[in-house]
Amino acid sequence: MQQDSANRKEDSNVAMSDCEGQTMDDSASAASSMEVTDRIASLEQRVQMQEDEIQLLKSALADVVRRLNLSEEQHTVGTRKGPTKARPMIATLPLRPTVNNGTVLPKKGTLPSPSGSGSRKDASMPTNKSTVRRANSNEHVGTLTRKDSGDSKSNRTRAGSTGSNSSGKRTSESKQKDPVFNAGMRRVTHCKEEGYVKMYLKGRPITMYMPKDLVDSYCLEAKADLPHKKLKLDWVYGYRGRDCRSNLYLLPTGETVYFIASVVVLYNVDEQLQRHYTGHTDDIKCLAVHPDKITIATGQVAGTSCDGKQLAPHVRVWDSVSLNTLHVLGTGFFDRALVCLAFSKSNGGNTLCVVDDSNDHVLSVWDWQREDRLAEVKCSNESVFATDFHPTDSNIIVTCGKSHLYFWTLERSTLVKKQGLFEKQEKPKFVLCATFSENGDTITGDSSGNILVWGKGTNRISQAIQGAHEGSVFALCMLRNGTLVSGGKDRKLISWDGAYQQIQMVEVPELFGPIRTIAEGRGESVLIGTTKNFVLQGSLDGEFIPITQGHTDELWGLAIHPVKAQFLTCGHDRQVSLWDSSSHHPLWIKNLEDAAQSAGFHPSGAVVAIGTQTGRWLVLDADSKDLVTVHTDGNEQLSVIHYGPDGNFLAIGSHDNYIYIYAVSESGRKYNRVGKCSGHSSFITHLDWSVDSQYLVSNSGDYEILYWIPSVCKQVVSMETTRDISWSTCTCTLAFQVFGLWPDGSDGTDINAVCRSNDSRLLVTGDDFGKVHLFSYPCSQFRAPSHVYGGHSSHVTNVNFLFDDSFLVSTGGKDMSVMQWRIV
């Protein structure tokens, strides 16, 4: 999948970040909304099938035009070999269809590009061979059965994908012995005589020529070996504070515990060490620490496995010392996701209360050690933000959320509800957080900026602090010494004494964002999680140091420094960060005017180029982050930006189907446009330069592989010229050396990123299912085996090895995480 098909799932709790006065979307509460969603999904599926059929017809027409083009070339060129221009015959034809949200849409009356097919075989075959002769040569067939993953991906926009039953363009090849193929199968064929492998993705043939020295020895059926190395998760950058709360605690071990994606991080700030609990399979949304300060419970959302199976939401109870899972609760009971949970305090922490994200937000109480559900009740058809046990009575539970505060009493196996009465107090739109005083009173913070105290054992307000904050009160924390600390949208951290009189107030800098959650730290210190995904260590006196930070929106751009242990990330939050992989801290952060999509370092390491979603690209000084230059090419997103190995050229792949070429001088500080490579019929997805910087290979959204001489922006159609080129990098997902990475049942959008190690022995991929795969390189046998690693909870958008192959870096899309893996 490419950027435009990236939306694997939406947060079920988006309202949390908007709860300070904005109206929440209540549609999810209505039972009928599920029917509407199903109907919309069905219509989307039908539209997609029609688009696939249209794409097949375009492919057929493009193939006919290509044959005419080739025929004319043969007449005019004769037997001349070497680089030739791709299509002298039809220069006046439109080169690209309209691109809208990543789906290639045909224009009325517009002929498609002659390169519409992902297979370049006709344009590139030797002129003295006939099509029929090639078809009847020795072809070995390997069949990969596609598992039905259509439902799990029906909510995604397919980027120029093709083929619903047959290619629709093989009229002159009907006598071939190629296998019959359809959308339910992926097949690979091997033509030994011509030295190519042909793979079909969604019915679209992709021909990949092998180097000449492999033609005689290559065998499609040979088994590939597992890689000799493995990955170990070394560091996780980022924190989920934007839309989750009560997810930050300090353990007696000195470790700060929090989560991002599907990983719980245990971070020892003093020793600069991280440990990771990786038992979850999808987004973690809530976390609770047992009174023993060792046992931890975390809850996750429902997910989808790579073979399309639904993964149930559940709670995992685990040991923070050994990182072993102790119990798994609620598989098959919870719906959609878990939004909040808490251990009891007074009975040794034997019970656990949990609220799920179903329409009724069911509250359930569990004997977690016996994995036994003691009671359950429909809590509210509105959003629930927090739940907790009373500190001295394990039969009393408090829940709060949109327009409600409920006190629940557990009587045998029944939960009895008492609604909090606001009486003369104006009822707030949201009750956002709750804690308890030493004497057992309940304390709540709400969207009106008020802190309310509810007398122990009652559902009435005993005291009110009006306007405690300007805007929503997001967090309350009762310290061991009886001091109450509150934090809110106004970024103010305020401490209150036992009589609820203000002691002191300090404002968190705007850079860090509003306060989402507060936890007690060591001594006088506090830990703060913010909505801009910072974890801060500070005091009530006002000094705040970020101990963890990350991105706040979808993450795509990743660039590796050519000679230092540094890497750069950028994303839709318009933030560019240069990270030190040793200290795990950012060296600098720069905010842009546009959402960023791609990045690439100059070979000297002096500058780095950033591509945005608006067609603008800019070059920054790698040391000072100062702007060197800015240019604009087109008005669509720039998916890939790569310097040539000699540093003299820059190639920029755009969603307008062009590759823009610039001549580079003065160590990356001066740029002159050479031209643009036009020939793709869909958006550019990946680029690689040859070792000598003379050639460029590109992939596109409709599975094309095209070759170029970038210095003159000409396409190379002779396979004899391109098959033996040595490539400086290997990021194209479609190539002979990497086709074995494609999984069974792939629709051509599942693999987002590929990277070869610098020693050319390993190949890593990032896929739509949150997995990082490690293969041996080259990876040119189908069904190549791999080591598989979880951690991301969203599509893995990019992967890359550090310059010395010591670590691998991967970026998650919607999960906004950056993960650093040690190669062992």
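Colleague: What share of the chain's contacts between residues at least 6 apart in sequence joins residues at least 24 apart?

Modeller: In this predicted model, that share is 54%. A contact here means heavy atoms within 4.5 Å.

Colleague: Why is strand E16 called largely enclosed?

Modeller: Buried means under 20% relative accessible area. Five of the five residues of E16, residues 315–319, are buried, so the strand is largely enclosed by the rest of the structure. For the chain as a whole, 62% of the 824 residues count as buried.

Colleague: Which residues point which way from E16?

Modeller: Val-315, Val-317 and Asp-319 point one way, while Arg-316 and Trp-318 point the other way. Both groups are buried.

Colleague: What makes E13 and E16 a pair of strands?

Modeller: Pairing needs at least two bridges between the strands. Five bridges join E13, residues 295–300, to E16, so they pair. The two run antiparallel, and Thr-295 has Asp-319 of E16 as its bridge partner.

Colleague: How do you know that E16 and E17 pair as well?

Modeller: By the same test of at least two bridges: E16 and E17, the latter being residues 325–329, have four bridges and pair in the antiparallel sense. One of the partners in E17 is Thr-325, which bridges to Trp-318.

Colleague: And what lies between E16 and E17 in their hairpin?

Modeller: Five residues lie between them. Leu-323, in the turn, has a positive phi of about 65°.

Technical notes: Residues numbered from 1 in each chain as written. Predicted model: local features only at pLDDT ≥ 70, side-chain atom pairs only at ≥ 80, totals over all residues. Heavy atoms only, no water. Buried < 20%, exposed > 50% of the residue type's maximum accessible area, 1.4 Å probe, protein only.
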